[in-house]
Amino acid sequence: MLKNVLLGFLLLLLVLPTTSNAHNAAITNGLNWLKSSQDATGSWSSGQSSSTVYYTTATALETFTVLGDTSNSYTTGLNWLSAGKVESTTYLAPKIKIVATSGGDTEIDVNTLLTYRNSDGGWGGYTKFTSSNLHTALALQSLRAANYPDLTTINNALAYLTTNQNPDGGWGVNVSITSNIYLTAIVSTTLQQFPQTTVIATAVSKATIYLLAHQNPDGGFGSSTGSGQVQSTAYETALAYTALAAFFTNEAVLTNAVNYLTANQSTNGSWNDDPYATALALRALYLSENRPAPPPPPPAAGKFTGSLLDTITRQGVSGAAVVLESSPLINTTTDPSGNFTLSDVPPGSQKVNFSLSGYLSTTTTATSIADTTNNLGLVTITSAYTTGAISGTILDPSGKPLSGVAISVSGSWSGTAVTGLDGSFSFSYVTPGDVTITASKTGISARPSAKYFMLHKLNIIM
């Protein structure tokens, strides 16, 4: 991926057993090259790098942590990264993650990062920047490493990612951007670091399918080049392997990816003389010998069902958002009749929020019991508008518009009008409630069976 694409990654908190002999030499050689390629400042950079200096350095430090290497290279690199004043999400998030993992103080940087959070639950590059999948994943990774305690913030960000997953199971850098291996691997690995609700587990499963569908014949992973051809890369293969290692059990697929990496290691121990790719490849080789355990399955949960009705009309309200207050990840929408089923509800007292444009939001409280469906019955929601409108058209028996028809409204609101040449009539600023509408015209018998006569009682829908 080009240098100007800001790259991210996720620190895996792993037990560090001794790597088996199968890839020990490859890891040793790669780690030695990584140490030898470190700049005097403590950073890592290269003209061949597929990432920026800051990301390359953070990635190298993360690999040192995973491999349990706290040598001078790690210390000088950590000092360089910690001393750097960075402000964007793309650099602030990895700084928080690395410093937190080393036991350093991240409070000021975390507070700064939180100011970049948007109302949709996601993160952009800076304050008021549009949220993106990349920045949101990076922020979540850093908050996880820093043990940030606010679950509402965490769950809103997780909901942002799961909601914006593309139909093919992947993610692009931004919302509605074509999926790619790089972002899909990063987001999937990020989601795996959090408690597995059904929503998260489903998203990871879809991402796994996407990644498997894009493994190349050489065993590696890579995106299309400018000429339209697909070419595997070490860093995309390593990121994809990391995303698959805990969830996927097809050893042939995983082995082919590892074989691609080992076959493409240079004699000097690097991958393409690229510190970023080398650091990621080393981590993948380590994981191939020390496979992480999959996250525990989602805990037992209950379901809420019910129907959402308009307070005045008592009709079902379609398309309303139904969201569990304690976790926006758990959500659904009402069907055309206003019915809803909310799954994955943790046991205990829970609040459910209902919202729809044009209505005042409402909340109901109910108790969830594991493996049990609780019917909430009829939930009502009130229009946000204080008045509504009535309109219609009067036709003669042949179906032609009938003009000059007197229209009268009585009940909770009253008014009169006369149909125009097109047979239409309308009333504005109508108070909500039950009304009766009558239509009549001189010389025409007001017989209920006549098509040009109308007698109608209805509720005003706002």
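Predicted model: local features only at pLDDT ≥ 70, side-chain atom pairs only at ≥ 80, totals over all residues.
**Entry 1: Thr278**

I started with Thr278, which sits in helix α12, residues 275-289. Is Thr278 buried or exposed? I found a relative accessible area of 0%, so Thr278 is buried, the cut-off for that being under 20%. Next I looked up its neighbours. Leaving aside residues up to four places away in sequence, Thr278 touches Gly30, Trp33, Leu34, Gly269, Ser270 and Trp271. I liked the case of Leu34: this residue is 244 residues from Thr278 along the chain, yet their C-alpha atoms are separated by 7.4 Å. I also noted that a polar atom of the Thr278 side chain lies 3.0 Å from the backbone nitrogen of Trp271.

**Entry 2: helix α8**

Then I turned to α8, residues 181-191. How many of its residues are buried? I got eleven of eleven, among them Tyr182, Ser188 and Leu191. The cover over them includes α6, α7, α9, α10 and α12, and α12 is the helix that holds Thr278. At the N-terminal end of α8 I found a cap: a side-chain oxygen of Asn180 lies 3.2 Å from the backbone nitrogen of Tyr182.

**Entry 3: α2 against α4**

Last, I checked how α2 (residues 53-66) packs with α4 (residues 89-101). Their axes are 10 Å apart, at an angle of about 25 degrees. Angles under 35 degrees count as roughly parallel, so I wrote down α2 and α4 as roughly parallel to each other. Their crossing is left-handed. On the α2 side, the contact includes Tyr54, Leu61 and Glu62; on the α4 side, it includes Tyr91, Pro94 and Lys97. I sorted the contact residues into seven nonpolar, three polar and three charged.

Terms used: Residues numbered from 1 in each chain as written. Heavy atoms only, no water. Helix = DSSP H or I, 4+ residues; strand = E, 2+ residues; numbered from the N terminus. Buried < 20%, exposed > 50% of the residue type's maximum accessible area, 1.4 Å probe, protein only. Contact = heavy atoms within 4.5 Å. Polar contact = N/O pair within 3.5 Å; in protein donor to acceptor, adjacent residues only side chain to side chain. Axes fitted to C-alpha atoms, helices over the stretch in contact; angles between N-to-C directions. Parallel < 35°, antiparallel > 145°, perpendicular 65-115°, else oblique. Left-handed = near helix turned anticlockwise from the far one by under 90°. Nonpolar A, V, L, I, M, F, W, Y, C, P; charged D, E, K, R; others polar.
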